[in-house]
Structures are given as structure tokens and as C-alpha cells.
Amino acid sequence: MKKKIMCLAMSVAVAATVFSGCGSSDSAQETTSKTESQSESVQDESVQAESAQADSESDEAEEGYTFTVSIDRNEQGLIIDETVTEVPTHVVCSGFQMAGMLCDLGQEDKIVGVLTSRPESWNTSYAPGVSEKLGQLEVLGTANDVSKEQILALECDFLMGWDSTFSDKRYDVDFCQSNDIIMYPPYCTYDSAASMDDIYKDYETLGHIFDCEEVAQEKIAEMKKVVAEVEEVLKDVEEPITILNYDSGEDDVFTACQGMPGAIFKYAGGISIFDDIEKGWARVSWEEIVDRNPSVIIINNYSGTEEEAQSSCDFLLSVSAIKDIDAIKNDKIYAVNLDDMEGSAGTAYLIKELAQILYPEKF
């Protein structure tokens, strides 16, 4: 904007010189001298303004972008302010869920590895174009197997994962801080996460950190559009459909309760039968499941393959304790991508997928 203003001022000065040529030669010289002086003054002011802006931007760069992270899954109860002064270039993600967000923002070239036990082929996302990018990332192994020395050898400067990633058994806070590794447990992974707003907050924060705010806002707008479309279709739904989320377990069941998974069910017109448990995830007994009698079972599909989904379905059908619940009797068992269930790039699209499963007659 300053350059445009300067050019406009110089144009005015030139016009004044041309018009003054109609008078006497002394007058013309005097006018020319004044306009040259005015032009130099305008240019000096412009240079000063640009210099002031550069100084301001330099100060902002030195101050950096600050965000707050909470690390409490292992009862550490830590609230930490992290400050980023440069765009991270060597990112390690603990899980494809984390990597999916960065891939969606176009930052896949900065990811040096993913901590997971799942092979590269085991990654799916409902977000357009993300699965293909995830398939190109290097799998390092699990957070329990990859040593701190290996993380340092990767020149990691940004570690993104569940807050348990930063426990004493893995890459603790002291280790990260002493080696200038920025810690980032996404807001959507907190047990307190209650809506898509938490994912939007992650995208805004990551947009600042990786200097891609415009892309982040575009992605947020796309997500909001998808969610709004679902809400419009389901606006007349009065009673949510009861859901058992099956993640894993044989003697008991590891299931989604509140947090982001619980919020996803609600957006889609459903509700976890364990919504009264004030945690994102919990272990429950088969007897409790029978007592709450879910109408639908949603399986978390780790690999995104039909084989895994069918294996989990076959197992549930073999459990005699739940043979009489409505979901089993009515053959209402479905599988969805785990990463987006926990909160990731494709969560908004998962909400639409779930809504179509629960209310096929409305779509």
C-alpha cells in the first residue's frame, strides 16, 4: 500500500510541473524546485514508513507466536506457554491423526516421521487428498520404541502428539524444553474437547505456527460448511440414536464417551451410551453395555481396511453376552476411520458419514 501511495504522490508532482510550464520561466523554475522538494519529502516519508514497518515486523518475529498447551493425561497437571519464533522444519507426529492435520494444511514436506505401530498403508482420512499424502510419510515405530536419541538425530524441532507423548516414559517436558523441541498436543485431543471449535482452534494455531493462516482459514470454512449442511438436514431430530463405540477389548470394552468422539456422535444425531462418563475414553463391562442397550455399534477401524472391520464385526457377533441388544438383533454394526473419530483433518466429513449411517432416509 505504501508504494502505491508514493507513486500517486509522485504523479501529482509531475502534473504540477507540466501545468506550471504555461507561466514565466522564473515561475517555472521556482515551481519545479518546490515540486522536486515535495517529491523528495514524500519519498523520505515513504522510506521512513517502510523502515518502521520492517522494524515492527522484526520485533514481532523476535517476540514470536505464543500458545498454551495442557499436559495432564498422566496427571502431570502442567500448563505450558510455548513460543514459536521460526516456522518448524523437522516435525515428528505421534500418530497419523496428528499428521493428517498438517498434511491438510500443505505442510507434509516438514514431517520427518510418524510415531505409530501402523504401516504406511494403514492410514485413511475422510478429508479430500489427505490419505495420499499420509501414504508418503515415513513410519518411525511407536513412541515406546523410538528413543530420545533417535528423535534428536532427526533434528526434531516440533513434536505433535497426545499429551501422553510428553510423559516421563516417553519424551518428557524437560527433554523437549532442553532440546528446543516445541510440544503440541492438539486441543481436540483434550478430554475437555466438546465441539468442532476445538479442531478449528487447532487449525488456527497451526496456521500461525507454520505461516499458512490463509490455508487454515479456507480449511476451517470448508469444515463449517459440511457441518452446517448436516445440522440443517438433522434439524428436526428430537431423540438422538444411542451408540456403542467399540474400539477394542475382549474381557471388557474400550469405548468413546465424551470429548471429541462424543461430540462427533452428537453432531451426527447420535449419543454415546456412556455419555455420562466424564472422560473421552473409558473401559466398560459387557454387562453395562447390555443394561444400556445401544441401537447402533460404531467400530473404530484402525487400518481402514474391510478385513479389519469384518474381523471386529465377527468378534462382536460372537459375544453371547450382547446377542440380545438392539444393535446386534437389527444388524446395525458399522466401521469408521479411527483417526478422524479422535479429531483430525477429516472429522467434519466423518460427521456427515455418520449422519448418513444413522439417518439414511434423510440423505
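**Figure 1. Glutamate 155 in the loop between helix 5 and strand 6.** Glutamate 155 occupies the loop that runs from helix 5 (148-153) to strand 6; helices (H or I, at least four residues) and strands (E, at least two) are DSSP runs, numbered from the N terminus. The model is a predicted one, in which local features need pLDDT of at least 70 and side-chain atom pairs count only at pLDDT 80 or more, while totals for chains, interfaces and linings use all residues. Residues are numbered from 1 along each chain as its sequence is written, and side-chain values use heavy atoms, with hydrogens and water left out. Phi of glutamate 155 is near 60 degrees, a positive value in a residue other than glycine. Most residues other than glycine have a negative phi. With 55% relative accessibility, glutamate 155 counts as exposed; buried means under 20% relative accessible area, exposed over 50%, and partly exposed in between (1.4 Å probe, protein chains only).

**Figure 2. Aspartate 180 in the loop between helix 6 and strand 7.** Aspartate 180 is placed in the loop between helix 6 (173-178) and strand 7. Although aspartate 180 is not a glycine, its phi is positive, at about 55 degrees. The residue is exposed, with a relative accessible area of 64%.

**Figure 3. Aromatic pairs of the structure.** The whole structure contains 10 aromatic pairs. Rings of Phe, Tyr and Trp (its six-membered ring) pair if their centres lie within 6.5 Å; planes under 30 degrees apart count as stacked, over 60 as edge-to-face and the rest as tilted. One of the pairs, phenylalanine 158 with tyrosine 184, is stacked, at 6.0 Å centre to centre and 25 degrees between the planes. Because phenylalanine 158 lies in strand 6 (residues 158-160) and tyrosine 184 in strand 7 (residues 182-184), this pair ties together parts that are 26 residues apart in sequence. Both phenylalanine 158 and tyrosine 184 are buried. Another pair, tryptophan 286 with phenylalanine 315, is tilted, at 6.2 Å centre to centre and 55 degrees between the planes. This pair links distant parts of the chain, with tryptophan 286 in helix 10 (residues 286-292) and phenylalanine 315 in helix 11 (residues 306-318), 29 residues apart. Tryptophan 286 is buried at a relative accessible area of 7%, whereas phenylalanine 315 is partly exposed at 23%.

**Figure 4. An aromatic cluster and lysines over tyrosine rings.** Ring pairs join Tyr65, Phe67, Phe158, Tyr184, Tyr187, Tyr190 and Phe210 into a cluster. Over the face of tyrosine 187 lies lysine 201, at 4.1 Å from the ring centre. A charge sits over a ring if NZ of Lys or CZ of Arg is within 6 Å of the ring centre and within 35 degrees of the ring normal. Likewise, the charged end of lysine 224 is over the ring of tyrosine 200, 5.2 Å from its centre.

**Figure 5. The enclosed helix 3 and cysteine 103.** Helix 3 (residues 96-104) is largely enclosed by the rest of the structure, because 9 of its 9 residues are buried. Among them are Phe96, Met98, Leu102 and Cys103. Just after helix 3, glycine 106 takes a positive phi of about 80 degrees. Cysteine 103 has 0% relative accessibility and counts as buried. The closest cysteine sulfur to that of cysteine 103 is in cysteine 93, 7.6 Å away and too far for a bond. The structure holds 0 disulfides, a disulfide being a pair of cysteine sulfur atoms within 2.5 Å.

**Figure 6. Glycine 113 in strand 4.** Glycine 113 belongs to strand 4 (residues 111-115) and is buried, with a relative accessible area of 0%. Not counting residues up to four places away in sequence, glycine 113 touches Val91, Val92, Cys93, Glu138 and Leu140, where contact means heavy atoms within 4.5 Å. The C-alpha atoms of glycine 113 and histidine 90 are separated by 8.7 Å, and the two residues are 23 residues apart along the chain.

**Figure 7. Two nonpolar cores.** A nonpolar core is a set of buried Ala, Val, Leu, Ile, Met, Phe, Trp, Tyr and Cys residues joined through side-chain atoms within 4.5 Å. The largest such core has 81 residues, and those with the most contacts inside it include Phe158, Tyr171, Tyr184 and Leu354. Helix 14 (residues 347-358) gives the most to this core, with 7 residues. Apart from it lies another core, of 20 residues, among them Val253, Cys313, Ile322 and Ile333. Cysteine 313 is buried, with a relative accessible area of 15%.
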